[in-house]
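Thanks for passing this one along. Here are my notes, point by point, to read beside the model.

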Amino acid sequence: MEDCNIKELRQLCYRQSKVPGEFMLQLRCAGNYMDSKWLEMVQHVCQTWGDGNFHIGTRLTFDIPGIKAKYVPEVNAYIEPFLYEMECNMCGVEMDTSKGYPYIGPRNVVACIGGIHCIKANINTQEMAHKIEKLIYPNPYHVKIGIGGCPNDCVKAQFQDIGIVGVTRPVYDASRCIACGACVKKCQKVATGVLEMNDQGTIDKDTCCCVGCGECVGICPTGAWSRQEQVFYKIYIGGRSGKQFPRMGKMFANWLSEEAVLQIIANWPAFSEWALEGKAEYLHGGHLIDRAGYQRFKEFMLDGVELNEEALIADNVYWAEQEYRSNIHLKPLDKHMNVK
Ligand code: SF4
Ligand code: SF4
Ligand code: SF4
């Protein structure tokens, strides 16, 4: 087998294969939406340097296995236009694309199809993904970020290190309401059931538990419910799957403006650097939050952030899940070694 530095190649987005000497290139694309012309490029890399196949990665990268280390410079030269288009043109990232990816670091920013196609979307998820890519890449610190266009959360934002979800604050105009009750039923059926018809035939809302999905707006036949022009966001933190305490992310912030979200995300690299003492080791972002403690994390992430007046930030978060370790659903309690 030829000599190669596995760790170095991994940093450059070539993942070690179980076949000695072979690597899998991971092509990132923030937001996972692109011109179909790039499929020809993927095909060419697969057929020229890979084993002919590709995998759509779990973080929606094009994964091209079977590349020998000696071909990495050739492959990097060939994919340069793709990197330039995805990173520099589309996201405004400043990087030298001539030698491939400089870091694996932050994993591909994933997003649902959102505003491009989906009738439920409250935000343009692609644009948001591009803006976030510019804030976090390139740098050597690992973080997984996902963006959902509405609280249906098709992108599983609640299982990302940082999950961002677009929300709306519907506005009610009683003068347009015909008391049909459709919004009450819809919210009850698909959301949190926070609407109620009162004795005057208008709608009361428990604003506290509104999840900002916009289903009431979609169903209202008269336009009595409408979306505000300004869109808002919620942020989940610390979600993860895997070996060490898999858990759902907890809500860190709600009703944030886009500016506030971007200012918060811009603080992530400095937080990672501090939490890892400058060593870019592989650790989920959620572990860094655990390591720092929520209060310290919060201080870092909100440093210099101008919060809009609607914004809410969690005073504390409570990580509750322990069940995976304890196999609590699989074994009766008296079969656990440590339970008497
Ligand atoms: S999360 Fe919402 S906006 Fe995104 S695809 Fe799912 S339903 Fe559509
Ligand atoms: S935005 Fe969603 S949760 Fe809020 S009132 Fe409308 S349907 Fe209910
Ligand atoms: S769906 Fe519209 S018109 Fe019907 S009760 Fe609700 S707000 Fe009024």
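1. Buried residues make up 36% of the 340 residues in the chain; buried here means 20 or more other C-beta atoms within 10 Å of a residue's own, exposed means 12 or fewer, and partly exposed lies in between, with C-beta atoms placed from the backbone. Please keep in mind that this is a predicted model, where local features need pLDDT of at least 70 and side-chain atom pairs count only at pLDDT 80 or more, while totals for chains, interfaces and linings use all residues. Residues are numbered from 1 along each chain as its sequence is written, and chains are lettered from A and ligands numbered from 1 in the order in which they are written.

2. On the overall build, the chain has 12 helices and 14 strands, taken as DSSP runs numbered from the N terminus (helices H or I, at least four residues; strands E, at least two). Its C-alpha atoms fill a box of roughly 80 × 60 × 40 Å along the principal axes. Of the contacts (C-beta atoms, placed from the backbone, within 7 Å) with a separation of 6 or more, 63% join residues 24 or more positions apart.

3. The largest nonpolar core has 68 residues, and Leu25, Ile164 and Ile235 have the most contacts inside it. Such a core is a set of buried Ala, Val, Leu, Ile, Met, Phe, Trp, Tyr and Cys residues joined through C-beta atoms within 7 Å. At least three of its residues come from each of domain 1 (6–91) and domain 2 (110–164 + 231–326), with bounds from an automatic or database domain assignment. Another core, of 9 residues, lies apart from it and includes Val184 and Trp225.

4. Leaving out residues up to four places away in sequence, Ile235 touches Ile162, Gly163, Ile164, Phe252, Ala253, Leu256, Val261 and Ile264.

5. Helix H5 (residues 125–136) is worth a look: 10 of its 12 residues are buried, including Lys131 and Glu133. Its cover includes helix H4 (80–91), strand E6 (145–148) and helix H8 (258–266).

6. Which residues come nearest to ligand 3? They are Cys177, Cys180, Cys183, Cys220 and Ala224, out of 14 around it, where near means a C-beta atom, placed from the backbone, within 6 Å. This shell divides into 12 nonpolar, 2 polar and no charged residues (Ala, Val, Leu, Ile, Met, Phe, Trp, Tyr, Cys and Pro count as nonpolar, Asp, Glu, Lys and Arg as charged, the others, Gly among them, as polar).

7. Around ligand 1, the shell has 6 nonpolar, 4 polar and 2 charged residues; among them are Cys112, Cys118, Lys120, Cys150, Asp153 and Cys154.

Notes. Two residues are in contact if their C-beta atoms, placed from the backbone, lie within 7 Å.
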